[in-house]
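Let's take a walk through this protein, one piece at a time. Keep the 3D view open and follow along.

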Amino acid sequence: MLRSTFTPILTAFPSKAKKPRNYLNTIITAITNPPQPVRQNASMENMLLQQHTPTSAYVHLPFCRKRCHYCDFPIVALGSSSPYGDDDPRIINYIDFLCREIKATSIPSDYKSPLETVFFGGGTPSLVPPRLVSLVLETLDAKFGVCSDAEISIEMDPGTFDAKKLKDLMKLGVNRVSLGVQAFQEELLRSCGRAHGVQEIHEAIDIVGSCDVENWSVDLISSLPHQKPHMWEQSLNLAIQAKPTHVSVYDLQVEQDTKFASLYTAGEFPLPSENQAADFYRMASEMLRDAGYEHYEISSYCKSGYQCKHNYTYWINKPFYAFGLGSASYLNGLRFSRPRKLKDYMGYVQNLENGLVNCCPDSKVDAQDVAMDVVMLSLRTAKGLDLKSFGKAFGSSTILSLCEVYKPHIESGHVVCLDEQRKEISPEEFSSLLSEGTKINEVLAYIRLSDPDGFLLSNELISLAFNVLAP
């Protein structure tokens, strides 16, 4: 079982990335002679102070044509067609409250730093007219400033935009598009309740190409009902042929209170088994890396220089603002979530304007929570956990304890050790260093999970670290 702190951290993320499934039923045994829990110290406080100025903002635009069968995000379903066109009062009213929230957000004077990334997620943000997106960007710029070269991303679904809308968004500064394809098979799209079909996918890809969008991503989902290996291979091939600069690959999670939860049980037909799902992940890793994509985060692949700067903010545990329905910010080492229901969110904004809500928490930061955040997020990335920085913040004895608990997994190849130059340290050399006690702190600089097999065991491996940090 993963510790209770694991899931809330991930579900608080505004992005659509989900935690990887437990692919293998590894039994996590009790750790003998656990160290003292991580404690607050000056180094950890200094680490937080050095990165306390957010330069990223997530903006939640919750509107969709309908709710997909797997979706548990806070959305507002508009229906397949709106009689209002670009003047839908539901969208206009929401944008008004969103801008009011941004304006009413109280920030310390030393937080004043222009935004380097803005991410419009949802929902289906491409349903929002460009003039209203412009209003949000203007409000952000007036409040924080937006860098002239900021990465401004927007999620777009096939069938919800044409070339004119995309060009209008690009004129506003949008320079990164995340295209929600999910699958290239008509039957799979229908089975998960997507509002678009395969033809609309190809039309959307053509539009992105005709508008000369340099930086764009394709989103795919594996382990869908009735999905076969040849279908997944076809989706990966078609995505590669489209030549996006980025590909995100998510494994289906059957969430509570979704239509899928009432129809299916994870790991049981017509959903793929655990081993089949693992094979899908391995196939994606192999095919995308062979096609020249860097696997820089557990669900993310990119061409050189095209990491999603905004999402990478999450993975390196930097602070960020968040605005809109159900969104969660990360400020002063603490996470703060907005209400998930529209009426409650509007009440929250009114309370914020009246000074009854503090969206920039200044409570005491729990060192254990921060340490677990850092470990969990770092081990999702190809870079891995920076042990030098981690040791300075949380104590060198913690590093030794992590090394002890990961020793069997280093020997099995699921965890990889690296020195300062990121040269791999062999399991034999690692064991020798570990036997010499503190010497390992001098040589070992990073640990990361192997690709793909270490990533496949990420939940179990991260859980082991949690047991060390907070026994």
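Which residues point one way from β8, and which the other way? His246, Ser248 and Tyr250 point one way, while Val247, Val249 and Asp251 point the other way, and all are buried. In a regular strand, side chains alternate between the two faces of the sheet.

Before going further, a word on what you're looking at. This is a predicted model, where local features need pLDDT of at least 70 and side-chain atom pairs count only at pLDDT 80 or more, while totals for chains, interfaces and linings use all residues. Residues are numbered from 1 along each chain as its sequence is written, and side-chain values use heavy atoms, with hydrogens and water left out. Helices (H or I, at least four residues) and strands (E, at least two) are DSSP runs, numbered from the N terminus.

Back to β8, which spans residues 246-251 and is mostly covered, with six of its six residues buried. Here "buried" means under 20% relative accessible area, "exposed" means over 50%, and "partly exposed" is in between (1.4 Å probe, protein chains only). Now look at the neighbours of β8. β7 and β8 run parallel and are joined by six bridges; two strands pair if DSSP finds at least two bridges between them. To get from β7 to β8 the chain passes through α8, making a right-handed β-α-β crossover. Right-handed means that, with the strands pointing away from the viewer, the path from the first strand over the helix to the second runs clockwise. β8 also pairs with β10 (residues 300-302), this time antiparallel and through three bridges. There, Val247 has Tyr301 as its bridge partner.

Asp212 sits in the loop between α7 (198-210) and β7 (215-222), and its phi is near 55°, a positive value in a residue other than glycine. Asp212 is exposed, at 63% relative accessibility. In the loop between β7 and α8 (229-241) you'll find His226, another non-glycine residue with positive phi, near 65°. His226 is partly exposed, at 40%.

Which of its residues are buried? They are Leu387, Phe390, Gly391, Ala393 and Phe394. These residues cover an arc of only 165° around the axis, so they sit on the same side of α14; the arc is that of the directions from the helix axis to the C-beta atoms. Both ends of the helix deserve a look. After the helix comes Gly395, whose phi is positive, near 105°.

Now for the charged side chains. How many salt bridges does a search of the whole structure find? The count is 13, where a salt bridge is a side-chain nitrogen of Lys or Arg within 4 Å of a carboxyl oxygen of Asp or Glu. Asp96, Arg100 and Glu353 are linked in a network of them. Arg100 meets Asp96 at 3.6 Å, N to O, and both lie in helix α3 (residues 89-104), four residues apart, about one turn of the helix. Arg100 also meets Glu353, at 2.7 Å, N to O. That pair links distant parts of the chain, as Glu353 is in helix α12 (residues 342-353) and 253 residues away from Arg100. Arg100 is partly exposed at 24%, as are Asp96 at 35% and Glu353 at 36%.

Another salt bridge joins Lys407 and Glu411, with the closest N and O atoms 2.7 Å apart. These two are four residues apart in helix α15 (residues 396-412), so about one helical turn separates them. Lys407 is partly exposed at 26%, and so is Glu411 at 45%.

Finally, check the prolines and cysteines. The peptide bond from Phe269 to Pro270 is cis, with omega near 10°, and Pro270 is in the loop between α9 (259-263) and α10 (274-290). The bond from Asp451 to Pro452 is cis too, with omega near 5°, and Pro452 is in the loop between β17 (446-449) and α18 (453-456). As for disulfides (pairs of cysteine sulfur atoms within 2.5 Å), the search finds zero. Cys147 is partly exposed at 22%, whereas Cys211 is buried at 7%.
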